[in-house]
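Reader: I'd like to go through this model piece by piece. Can we start with how the parts of one chain touch?

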Amino acid sequence: MKNLLTYFVVAVFALGFSSCAQFDEIAESERVANVSAKVVVNTTLGEGVPAPETYTVKFNNYTEGFELVETTDASGIVNTESLIPGIYSITVSAEVAHNGSVYNFNGNLVNVNILNNGQSLTVDVNASKSGALVLKEIFYCGSKTPSGGSYFRDQFYEVYNNSDMVQYVDGMCIGNMLPALATANLPVWPDEFASSHVFFATIWQLPGTPGEKNYPLQPGESIIIAQMADNHQREALNPGSPVNLIGAEFEAYLQSTSLIKDNPAINMNLAFWPSPSKQWLVTVFGGAYAIFFPEAPIDRNTYITPVGQTTKAKEIPIDWIVDAVELVNDETKIKLKRVPAVLDAGATTVGGTYVNKSVCRKVKETIQNPDGSSRVKYYDTNNTSEDFYVTEIPMIHRDGAKSPSWNTWQN
Amino acid sequence: MKRRNLTILLSLLMPVMAGAQNADDIKQAAGVEITKAKSLWYNTNNASGMVFTPLENFNDVTVGYKSNSGDFKMSQSGENEGVIGVATQGALNLGGTMLWGAFNYENITTNDNLYNTNMFDPFRDMPYYVADPVISKWKKQTYDLRLKAGFPVLWDVWGIGCEVDYITNTAAKQNDPRSENYYYTLSVRPGFTFKLSDNHQIGINAVYEYLFERASFNNSDSQTDQNVFVMRGLGNYSPGIVGGIGGLQTYYWKGNKIGGAFQYSFLSNGAFKALLDVRYNYKVEDAYQAPTKPQRMGSTEQNYMGGTLQLLADGERFTNKVTLEYVDKSTDGIEFIQVVDNSYEVQQWVTLAQYVRSNYSLKVASLKYDFFVNSERGYSWRAGVAGEYSDKFDEYYLPNSTLKAENIYFSIYGKKNFALSKKSTLLFGINFGYNSNIDGYYKYSGSCEGSDIVDKMYANDIAYMTTNYMRLGGELNFSTMVAKKTALFISANCQYLNPDNEMFNNRTNLAFSLGINF
C-alpha cells in the first residue's frame with residue numbers, strides 16, 4: 001500500500017509537470033489576423049528580350065487551400081494586406097510575344113514564411129523562350145490488372161515538337177531527378193552545384209549525338225519513350241492497361257526476362273544509373289523529369305552525393321535542360337517542390353497510384369498548316385501547375401500528334 | 001500499466017460490492033433514483049461531502065442492449081447503432097465512509113457513420129481530426145470505472161474524499177480508410193469539506209484529468225490510397241491521404257485538465273437542504289501526427305465555468321427538488337505553422353508561429369423541478385418539468401465562418417411505481433419533450449466551399465442542430481424479489497424523436513435490460 005501511494009504521488013507530480021509545460025506552450029498563442037506583404041519582382045533580361053508591363057503574382061498557401069492572385073504595378077511591385085499568416089509559394093509569371101517568339105517570365109519563392117506584417121520579398125524572374133521540345137504527356141502511376149493487381153511497366157513519356165520548325169532528337173536525354181519522391185527532407189547538395197545544377201538518379205540517352213539529324217521531329221510530331229515498348233494490353237501482360245506501346249519510338253531496354261523482351265522500338269542508351277535493375281521503373285508516386293541535350297558526354301562512372309548521404313546522383317547544368325516537369329504523390333505534396341522555378345514553377349499529380357491516369361499539357365491553340373492540316377500548340381509557361389491537366393485515361397499521340405516518318409514499325 | 005490500474009480500481013470497488021451482502025434492505029430502480037436525488041453532495045464532484053447527504057445502500061448489476069436508429073442525427077453518428085452492455089453500481093456506508101462505485105462495459109457497433117476516420121468520439125470538442133466521405137461501420141468497446149469515496153468527518157469538522165474515474169475505450173473503423181483507436185481518460189478529484197456548523201458546510205475540490213487517444217491508419221486495399229480531410233474546424237480542412245508513401249501517420253491526442261469547485265451547503269434541521277456548486281476547469285489538448293517525428297495538427301484550450309444550485313425539500317410524504325444549472329464553455333482552436341528542421345541535430349518539426357484560429361462556445365442554462373411522493377419503495381410516483389436554454393456559437397476567425405444554434409427545450413415527465421405484490425413492483429414512466437429553435441445558421445467563407453464537408457456534413461449538422469422536434473418516450477421496469485436480498489428486474493425504454501424538418505424522418509432509441517438489485 002505504501003508503494004502504491006508512492007507511485008500515485010509520483011504519477012500525479014509527473015502528470016502535473018507535463019500539464020504545466022503543455023499549458024505554457026498554449027499560452028503563447030495569439031488571435032490570428034491578416035498580414036501584409038510586399039513582393040518585388042527582380043527581372044534579369046537578356047539581350048533583345050522584351051520586358052513585360054506587369055507580372056501576375058500568385059500567393060499559394062497549400063495547407064490552407066488559400067490562393068491570392070495580384071498584378072504588379074509598372075515597377076514590378078505588388079502590395080497585399082489580405083494574407084493569412086502561413087507558409088506560401090509565391091509564383092511570378094508573365095508572357096510576352098516578341099518578333100515571332102513567345103517569352104515566358106517565371107520565378108518563384110517556395111515555402112516562404114509570411115508571419116509578420118510588412119514583410120518584403122524579392123522574386124528573381126528569368127525569361128525563357130517557350131521550348132521547342134516539350135514533355136507533352138506522362139503516364140507514371142501505372143494501372144490495375146483485371147484481378148486487381150498493380151502494373152507499372154506501361155509508363156511512358158511523350159516528347160512533342162511544340163515549335164514551328166523541325167527539331168532533332170539525336171542524343172537527347174531523359175531522366176528522373178532526385179529526390180525520387182516529393183519530401184520535406186530535401187537533400188543538401190554540394191555548394192558548387194546546388195544553385196546551378198539539377199540532380200538525376202537515372203539518365204537515358206537517345207542514340208546519336210546532339211547536332212546530328214537522324215531523328216527529325218516535324219512540328220506537331222511526337223515521340224513516345226516507353227519503359228517497355230510492348231503491347232501492354234496483351235494477355236500475358238495486363239489486359240487492363242490503357243496503352244499499347246508496341247509502336248513507341250524508344251524504350252529503356254536492359255535485358256530480357258520472362259516478361260520483358262527487346263521490342264521494335266529503338267533502344268536508348270543507359271547514360272547514368274549507378275545501380276540498374278531489370279527495368280526503368282520510375283516511382284509510381286510521381287517523379288521529377290527532364291529532357292536535355294548534353295553539351296558534353298555524360299560520364300556514367302562519376303557522381304556526386306548529397307551532404308551526409310550516400311545517394312549517387314549525376315549533376316546536370318540547369319542551362320542544358322530543355323523541359324522539366326514535376327509530379328508529386330498528391331495535392332498535399334505540391335508544396336514540397338524539388339525542381340528549380342526557372343525550370344518548373346509548379347507541380348501536379350494524378351492523386352494516386354495505379355489509377356490509369358496521366359498528366360498532359362493543355363492545348364493553347366490549334367494552328368493550320370499550309371497543307372490544310374492542323375497541329376496543336378500546347379501551353380509551356382514552365383509551370384506544371386498551370387500547363388498540365390489530369391487525363392481520364394492515358395493516350396499516346398493525343399490531340400492528333402503524329403509519329404515521325406522514320407518510325408516504320410508502328411501499326 | 002493498464003491492467004495494473006484496472007486491478008487497483010477494482011480492488012477499491014470490491015468493498016462496495018462485498019458490503020452489500022450485509023445490507024438489511026435493497027433499493028430497486030425507484031429507490032436508487034430518489035436516493036441519488038436526495039444526496040445533494042453525490043451530485044457534485046466533491047465526494048467528501050457525501051457523508052453529509054449520504055446515499056442509501058444499493059447495488060445493481062445490469063445486462064442490456066440498446067439501439068439507436070434513424071436519420072435525425074449528426075453526420076458522424078451512426079444511422080444504426082447497437083450497444084451490448086454490462087453495468088454495475090453500488091453505494092455503501094461502511095463504518096462512516098460513504099462509498100459509491102460503478103463499472104460499465106459496452107460493446108458498440110455503429111453502422112453508416114460518415115466523416116470520421118480516426119476519433120473514438122468526434123463530438124468531444126476537438127476539431128483536429130481526420131474525416132472521410134466513405135460510409136463506414138465502427139466497432140467500439142468501452143470500459144468505464146468510477147469511484148466516489150467520502151471518509152468520516154475528522155474532528156467533527158473536516159470531511160475528506162476523492163473521486164476517481166478511469167475510462168478506457170478501443171475502436172476500429174471497418175471500411176477503408178480504416179483506423180484502430182485507443183482512448184483513455186483518468187480523472188482524479190480530491191475534495192475537502194469544512195463543517196461551519198451543523199447547518200452550514202463549505203467544500204472545495206480539485207480536478208485533474210489526463211486523456212490520451214491514439215489512432216493508427218491502414219487500408220485493407222493497400223493498392224488504393226484513400227483521400228481524406230484533415231479537419232481544422234468549421235468546415236475547413238486540408239486534403240490528406242491514407243495509404244502509400246507520404247500518407248497520414250498515426251494521430252495522437254494528449255490532454256490535461258485542471259480545475260476546481262467550491263461548494264456551500266445548507267442542511268436545515270428540518271426538511272430543507274440546499275447546495276451551491278460553482279466549478280471552473282481549464283483544459284488543454286494537443287493533436288499530433290507521427291509519434292516518432294511529431295507534427296502538431298492543432299490544439300484546443302478550453303475554459304469551463306459552471307454552477308449548480310440544488311434545493312431540496314425532503315418531507316415525510318413528499319420530496320420536492322429544484323435544480324438550477326448554468327454552464328459556459330469556451331474552446332479556442334489553435335493551429336500551428338510548422339516546418340521540418342532538416343539539420344542533423346534536429347530533424348524535427350519546429351513551430352514558427354501559433355494562432356488562435358477558431359472558437360467554440362456553448363452556454364447552457366437549465367431549470368428542473370422534481371416532485372416525489374415518497375414510499376417505502378422509493379416513491380409511489382414522481383413528476384417533473386425541465387427547461388433548458390442552449391446557445392452554441394462557433395467561429396473560425398480567418399477566413400471568417402460562423403455557426404450558431406440557439407435552442408430552448410422543455411420536457412415534462414412522470415413515473416408511477418405500482419406495487420403489484422409484496423414482492424413485485426412495476427415502474428412505468430412517460431416523458432414528453434419539445435425543442436424549439438430560436439436562431440441558427442452556418443455561414444462558410446473559406447476555401448472548402450463546395451466540398452462534401454461544407455455542403456453535406458455541415459449542411460446536415462446545422463439542420464439537425466436547428467430543427468424543432470418532439471420527443472416522446474416511455475419506460476417500464478418490472479422488478480420482483482427472487483431471494484431475501486435479491487430482486488430481479490427487466491426494463492425497457494423507448495424514446496422517439498420526431499423532427500419538424502423534411503430533411504429528416506425520425507430517430508428511435510430503444511433499451512432493454514435485465515438485472516438484479518441486491
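Author: This is a predicted model. In chain A, 13 residues of domain 2 are in contact with 10 residues of domain 3.

Reader: Which strands supply at least two residues each to the domain 2 side of chain A that touches domain 3?

Author: On that side of domain 2 of chain A, β6, β7 (101–114) and β8 (119–129) of chain A each supply at least two residues. β7(A) gives the most, with six residues.

Reader: How do the residues of that side divide into nonpolar, polar and charged?

Author: The side of domain 2 of chain A that touches domain 3 of chain A has two nonpolar, 10 polar and one charged.

Reader: What are the domain bounds in chain A?

Author: The domain assignment gives domain 1 as 1–27, domain 2 as 35–129 and domain 3 as 133–400. Taken over C-alpha atoms, the centres of domain 2 and domain 3 of chain A are separated by 28 Å.

Reader: Over to strand β3 of chain A. Why is β3(A) described as largely enclosed by the rest of the structure?

Author: Five of the six residues of β3(A) (residues 56–61) are buried, so the strand is largely enclosed by the rest of the structure.

Reader: How many bridges join β3(A) to β4(A)?

Author: Six bridges join β3(A) to β4(A) (residues 66–71), and the two run antiparallel. Asn61(A) has Phe66(A) as its bridge partner in β4(A). The hairpin of these strands has four residues between them, and Gly65(A) there takes a positive phi near 70°.

Reader: And how many to β6(A)?

Author: Five bridges join β3(A) to β6(A) (residues 86–98), again antiparallel. In β6(A), Ser93(A) is the bridge partner of Thr56(A).

Reader: Now the two chains. How many residues of chain A are in contact with chain B?

Author: 36 residues of chain A are in contact with 32 residues of chain B. On the chain A side, α1 (2–27), β1 (30–31) and β6 of chain A are the elements that give two or more residues. The largest share, six residues, comes from α1(A). By class, that side has 13 nonpolar, 16 polar and seven charged residues.

Reader: Which strand of chain B pairs with β1(A), and in what sense?

Author: β15(B) (residues 348–375) pairs with β1(A) in the parallel sense, over two bridges. Glu30(A) has Tyr355(B) as its bridge partner in β15(B).

Reader: Last one: helix α2 of chain B. How many of its residues are buried?

Author: Seven of the 10 residues of α2(B) (residues 29–38) are buried, so the helix is largely enclosed by the rest of the structure. Among them are Gly31(B), Ile34(B) and Lys38(B).

Terms used. Residues are numbered from 1 along each chain as its sequence is written. Chains are lettered from A and ligands numbered from 1 in the order in which they are written. This is a predicted model: local features need pLDDT of at least 70, side-chain atom pairs count only at pLDDT 80 or more; totals for chains, interfaces and linings use all residues. A residue is buried if 20 or more other C-beta atoms lie within 10 Å of its own, exposed if 12 or fewer, and partly exposed in between; C-beta atoms are placed from the backbone. Two strands pair if DSSP finds at least two bridges between them. Two residues are in contact if their C-beta atoms, placed from the backbone, lie within 7 Å. Ala, Val, Leu, Ile, Met, Phe, Trp, Tyr, Cys and Pro count as nonpolar, Asp, Glu, Lys and Arg as charged, and the others, Gly among them, as polar. Domain bounds come from an automatic or database domain assignment.
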